[in-house]
Amino acid sequence: DRSQFRRMADPALQGRYPSLDLQEALEVASLCIHDNHAMRAPIGTVVTALSRLAYDVDPPESSHRTTPN
């Protein structure tokens, strides 16, 4: 339920995160939790998705993330 996404974010972030990034992170998490293990994504797919999310740099006006050191 997309209307509940914000409830899944870490409260310590105090709402300071791009909504699209939260949605993408939750989509990656959903790849890992299917009841049927055969329907879960291979770990390589999950790692690739998380890496892309971690190192993706959005234009400054649409994201609060910075590039990793």
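Analyst: We can begin with a term: helices are DSSP runs of H or I with at least four residues, numbered from the N terminus. With that term in hand, the largest share of the lining of the largest pocket, four residues, comes from α1. Please keep in mind that this is a predicted model.

User: What does the secondary structure of the protein chain come to?

Analyst: The protein chain has two helices and zero strands. Helix α1 covers residues 19–30, while helix α2 covers residues 43–55.

User: Why is α1 called roughly antiparallel to α2?

Analyst: The axes of the two helices come within 10 Å and cross at roughly 170°. Angles over 145 degrees count as roughly antiparallel, and therefore α1 is described as roughly antiparallel to α2. On the side of α1 the contact is made by Asp-21, Glu-24, Ala-25 and Val-28, and on the side of α2 by Val-46, Ala-49, Leu-50 and Leu-53.

User: Which classes of residue make up the contact of α1 with α2?

Analyst: There are six nonpolar residues, no polar ones and two charged ones in that contact. Asp and Glu count as charged, whereas Ala, Val and Leu count as nonpolar.

User: Why does Val-46 count as buried, and what does Val-46 touch?

Analyst: Buried means under 20% relative accessible area, and Val-46, which lies in helix α2, has 6% relative accessibility, so Val-46 counts as buried. Leaving aside residues up to four places away in sequence, Val-46 touches Val-28, Leu-31, Cys-32 and Ala-41.

User: Why does Val-47 count as partly exposed?

Analyst: Val-47 is also placed in helix α2, with a relative accessibility of 45%. From C-alpha to C-alpha, Val-47 and Val-28 are 9.2 Å apart in space, and they are 19 residues apart in sequence.

User: Why does Gln-14 count as exposed, and what is noted about its phi?

Analyst: Gln-14 lies in the segment before α1. Exposed means over 50%, and because the relative accessibility of Gln-14 is 59%, Gln-14 counts as exposed. The phi of Gln-14 is near 50°, which is a positive value in a residue other than glycine.

User: What volume does the largest pocket have, and which residues are the closest to its centre?

Analyst: The volume of the largest pocket is about 190 Å³. Eleven residues line the largest pocket, and the closest to its centre are Tyr-17, Pro-18, Asp-21, Leu-22 and Ala-25. By class, the lining has nine nonpolar residues, no polar ones and two charged ones.

How values were computed:
Residues numbered from 1 in each chain as written. Predicted model: local features only at pLDDT ≥ 70, side-chain atom pairs only at ≥ 80, totals over all residues. Heavy atoms only, no water. Axes fitted to C-alpha atoms, helices over the stretch in contact; angles between N-to-C directions. Parallel < 35°, antiparallel > 145°, perpendicular 65-115°, else oblique. Contact = heavy atoms within 4.5 Å. 1 Å grid on protein atoms, 1.4 Å probe; cavity = no way out; pocket = protein on both sides within 12 Å on 5 of 7 lines; lining within 4 Å. Points joined across faces, edges and corners; volume = space filled by probe spheres on them. Buried < 20%, exposed > 50% of the residue type's maximum accessible area, 1.4 Å probe, protein only.
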